[in-house]
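Please look through the model below before reading the points.

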Amino acid sequence: MPIRPLHNENEILSKVASGDTRAFSCLFDSYYKHLGQYVYRVTESAEAAEEIVQDVFVKIWAKRQDLTAIESFTNYLFIITRNRTYRFLKERASAHLKQQEWERQYQEEFHLPDNISPEENLCLVIDRLIEKLPPQQKKVYELSRVGLLKHSEIADMLSISTETVKKHIMAANKFIKENLSEKNDLVFLLFVMGYAHFLK
């Protein structure tokens, strides 16, 4: 990725090295688009391109005192950007493998059938977690979350206090949250797919 140096680059780098923020802004504006295009071509992510290029310039500012000793700033800039981009790709690949492992684990743990949607998977997982609740807690939770009954109605139906109803629901929510939090993919699905009401 050849980058054409600025005609007054040495002067700008000298100013940046001394802490001149306007010179740094000039440097950033001059190279930002070019670097962003390179990162985007590699990552196919506009968000990643923006984040990576910003990280690169944060690093340059943090080590600005060394800029005047660099023989070729454009080569230096490219190497930092390339290394940061490759690290991003490696992290993304690792995250993808972890995601697949989480999916495999909860597929096995909850005996989920194949070829069903993430939404159906999530509902099945929550249903099976509810089945693990103590009998009274399960009954209260289902009356509240499935039957949509008020706390007072549940209390009257089961001859218990509304405070006891609240405690049962809180305990059930805690149990479900703790089990879901072990699987980050499910926690994500809860919120992006509108299932947050399960955990209120």
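1. H2 passes H3 in a right-handed crossing. A crossing is right-handed if the near helix is turned clockwise from the far one by less than a right angle, and left-handed if anticlockwise. H2 covers residues 21–43 and H3 covers 46–62. The two pack at an angle of about 140°, with their axes 8 Å apart. Axes here are lines fitted to C-alpha atoms, for helices over the stretch in contact, and angles run from 0 to 180 degrees between N-to-C directions.

2. This is a predicted model, in which local features need pLDDT of at least 70 and side-chain atom pairs count only at pLDDT 80 or more, while totals for chains, interfaces and linings use all residues. Residues are numbered from 1 along each chain as its sequence is written, and side-chain values use heavy atoms, with hydrogens and water left out.

3. Which residues make the contact between H2 and H3? On the H2 side they include Phe24, Leu27, Tyr31, Leu35 and Val39; on the H3 side they include Ala49, Ile52, Phe57 and Ile60. Contact means heavy atoms within 4.5 Å. The residues of this contact divide into 16 nonpolar, three polar and one charged. Ala, Val, Leu, Ile, Met, Phe, Trp, Tyr, Cys and Pro count as nonpolar, Asp, Glu, Lys and Arg as charged, and the others, Gly among them, as polar.

4. The chain as a whole has nine helices and zero strands. Helices (H or I, at least four residues) and strands (E, at least two) are DSSP runs, numbered from the N terminus. Of the 200 residues, 34% count as buried. Buried means under 20% relative accessible area, exposed over 50%, and partly exposed in between (1.4 Å probe, protein chains only). Among contacts with a separation of 6 or more, 57% join residues 24 or more positions apart.

5. The largest nonpolar core has 23 residues, of which Val16, Leu27, Tyr31, Phe57, Ile60, Phe73 and Leu77 touch the most other members. A nonpolar core is a set of buried Ala, Val, Leu, Ile, Met, Phe, Trp, Tyr and Cys residues joined through side-chain atoms within 4.5 Å. H1 (9–17), H2, H3 and H4 (73–109) each supply at least two residues of this core. Another core, of eight residues, lies apart from it and includes Val125, Leu133, Tyr141 and Ile176.

6. Leaving aside its neighbours within four places in sequence, Phe73 is in contact with Glu9, Leu13, Leu27, Tyr31, Ile60 and Leu67.

7. In H1, Glu9, Ile12, Leu13, Val16 and Ala17 are buried. Seen down the axis of H1, these residues fall within an arc of 135°, so they line one face of the helix. The arc is that of the directions from the helix axis to the C-beta atoms. After H1 comes Gly19, with a positive phi near 100°.

8. H7 (residues 151–158) has Ile154, Ala155 and Leu158 buried. They cover an arc of only 100° around the axis, which puts them on the same side of H7. The face turned away from that buried side carries the exposed residues Asp156 and Met157.

9. Two residues of H4 deserve a look. Thr85 is in H4 and counts as buried, at 0% relative accessibility. Sequence neighbours within four places aside, Thr85 is in contact with Tyr38, Val39, Val42, Thr43 and Ile52. Arg84 also lies in H4, and at 10% relative accessibility Arg84 counts as buried.

10. Glu44 has a positive phi of about 55° although it is not a glycine. Glu44 is found in the loop between H2 and H3 and counts as exposed, at 66% relative accessibility. Ser159 has a positive phi of about 60° and sits in the loop between H7 and H8 (162–181). At 66% relative accessibility, Ser159 counts as exposed.
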